[in-house]
Each structure stands twice: as structure tokens, then as C-alpha cells.
Amino acid sequence: MLEGIVRDSMTKQETKSLRKDGYLIANIYGKGLENINAAFKKNEFIKFLRNKTTIAFDVKVGENTVKVVVQEYQKCPITSDLLHVDLMIAQPGVRTSYKVPVTVEGTPKGLKNKGLFVFHKKRVPVKCTIENLPESFHLQIADLDTGDNILVRDLTMPEGVECFLDPRVPVVGVIKAK
């Protein structure tokens with residue numbers, strides 16, 4: 001479980017001093033709930049996110065323990081340092097938007113025909129409750145030849161999960177190299 005601290009002060013000076021001490025600024029929010037302003041040790045947060053196996057995970061801030069999902073993060077444009085993260089509380093029974101990762105298996109046969117494998121969408125936005133949320137969309141890509149794509153309409157959506165992207169949007173594909 002990831003542990004953080006509650007931020008008391010929202011001033012620019014306080015935020016700068018927390019960042020200087022190695023903290024990552026975070027906002028935790030949910031529908032109909034009060035926002036929690038938090039900070040996590042940056043290295044612990046990154047290490048925890050790399051090793052997590054589910055989309056939703058538990059965090060402890062102060063005395064509160066909540067199940068959250070990473071909604072958005074901001075990086076420094078120059079150093080690519082993580083500056084800020086928005087965590088959304090995964091409330092049971094509440095339909096909301098999530099970004100489900102796409103995983104692939106196999107080697108496309110189009111790579112032998114001078115093709116390049118491209119991830120058009122690393123995450124697919126879906127709308128569902130946390131109970132119906134798939135961990136990932138797992139795709140078999142061994143049959144993809146040059147010019148072939150797997151589109152959003154080719155994904156198998158579980159019961160109660162809907163994708164609000166255009167069905168013609170490609171998720172992965174093999175393009176012709178120049």
C-alpha cells in the first residue's frame with residue numbers, strides 16, 4: 001500500500017518546498033466526495049506504479065485509506081520530471097471514465113515485409129463501474145501484415161463497459177516503412 005501525507009497549506013512556497021524535499025503533489029477526488037490534497041514521496045510513488053498489477057490500487061493518506069485510479073499526471077516539459085498527479089477514488093456502483101491499457105502478444109508477420117509496428121492507442125478510454133473494469137485489452141498481433149490494423153470495434157468489451165471512441169479508430173497496426 002502506498003502511503004502519503006495530507007497537505008495543509010496550498011501556497012506556492014509550501015508546494016515548492018515539498019517538491020524540493022522529494023515529494024510529488026497529488027489531488028485525490030471523487031464524485032460527491034471532498035477533495036484530499038496530498039503528497040507522496042516521488043521515488044516510492046514511481047516504484048509502486050511500476051510494480052502494480054491492477055488499475056485500481058489502495059493509498060493511505062492521513063487516517064484515510066481509499067482505492068484510487070490514476071486519472072492524469074503532469075511532467076516538466078524540460079526535465080520530464082513528474083510534477084503532479086490526479087488520483088480519482090474508485091467508488092463502487094458509480095459509472096465513470098477510465099483509461100484501460102492495451103497489451104499485445106506475438107510478433108506481427110508484417111515486420112518481415114519491411115513494416116513497422118505502431119501503438120496508436122496505449123490506453124483505451126471506457127465508461128463503466130469499477131466492478132466491470134477490465135484490467136487490460138489483450139491483443140494477438142501475430143497475424144498483422146503491412147497495412148493491417150486492429151480497430152476499436154475489434155476489441156471485445158465486457159458486459160457493462162462501453163468505449164466512447166469512434167469504432168474506426170485504430171488501436172495497433174503495422175505500417176509500411178519508407
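Me: Why is Thr-15 called buried?
Reply: Buried means under 20% relative accessible area, exposed means over 50%, and partly exposed is in between, with a 1.4 Å probe and protein chains only. Thr-15 has a relative accessible area of 13%, so it counts as buried. The model is a predicted one, where local features need pLDDT of at least 70 and side-chain atom pairs count only at pLDDT 80 or more, while totals for chains, interfaces and linings use all residues. Residues are numbered from 1 along each chain as its sequence is written, and side-chain values use heavy atoms, with hydrogens and water left out.

Me: Where is Thr-15 found, and which residues is it in contact with?
Reply: Thr-15 is in helix α1, residues 12–20; helices (H or I, at least four residues) and strands (E, at least two) are DSSP runs, numbered from the N terminus. Contact means heavy atoms within 4.5 Å. Apart from neighbours within four places in sequence, Thr-15 is in contact with Arg-7, Met-10 and Ile-25.

Me: What makes Val-126 buried or exposed?
Reply: The relative accessible area of Val-126 is 0%, so this residue is buried. Val-126 lies in strand β9, residues 123–128. Not counting residues up to four places away in sequence, Val-126 touches several others, including Thr-96, Tyr-98, Leu-133 and Cys-163. Val-126 and Cys-163 are 37 residues apart in sequence, yet their C-alpha atoms are 4.4 Å apart in space.

Me: Which residues touch the most other members of the largest nonpolar core?
Reply: A nonpolar core is a set of buried Ala, Val, Leu, Ile, Met, Phe, Trp, Tyr and Cys residues joined through side-chain atoms within 4.5 Å. The largest has 25 residues, and Tyr-98, Val-124, Val-126, Leu-133, Leu-139, Val-171 and Val-172 touch the most other members. At least two residues of this core come from each of β7 (96–105), β9, β10 (137–140) and β13. A second, separate core has 17 residues, among them Leu-2, Leu-24, Phe-40 and Val-61.

Me: How do you know which kind of aromatic pair Phe-117 and Phe-119 form?
Reply: Rings of Phe, Tyr and Trp (its six-membered ring) pair if their centres lie within 6.5 Å; planes under 30 degrees apart are stacked, over 60 edge-to-face, and the rest tilted. The structure holds three aromatic pairs. In this one the ring centres are 5.5 Å apart and the planes stand at 75°, so Phe-117 and Phe-119 are edge-to-face.

Me: Why is Phe-117 not called buried, and what about Phe-119?
Reply: Phe-117 has 26% relative accessibility, so it counts as partly exposed. Phe-119, at 30% relative accessibility, is also partly exposed.

Me: What makes β8 an edge strand?
Reply: Two strands pair if DSSP finds at least two bridges between them. The open sheet has three strands in the order β8-β13-β11, with antiparallel pairing. β8 (115–119) and β11 (149–151) are the edge strands, as each pairs on one side only. Five bridges join β8 to β13, residues 170–176, and three join β11 to β13.

Me: Which residues of β13 stand opposite Leu-116, Phe-117 and Asn-149?
Reply: Leu-116 stands opposite Ile-175, Phe-117 has Val-174 as its bridge partner, and Asn-149 stands opposite Gly-173.
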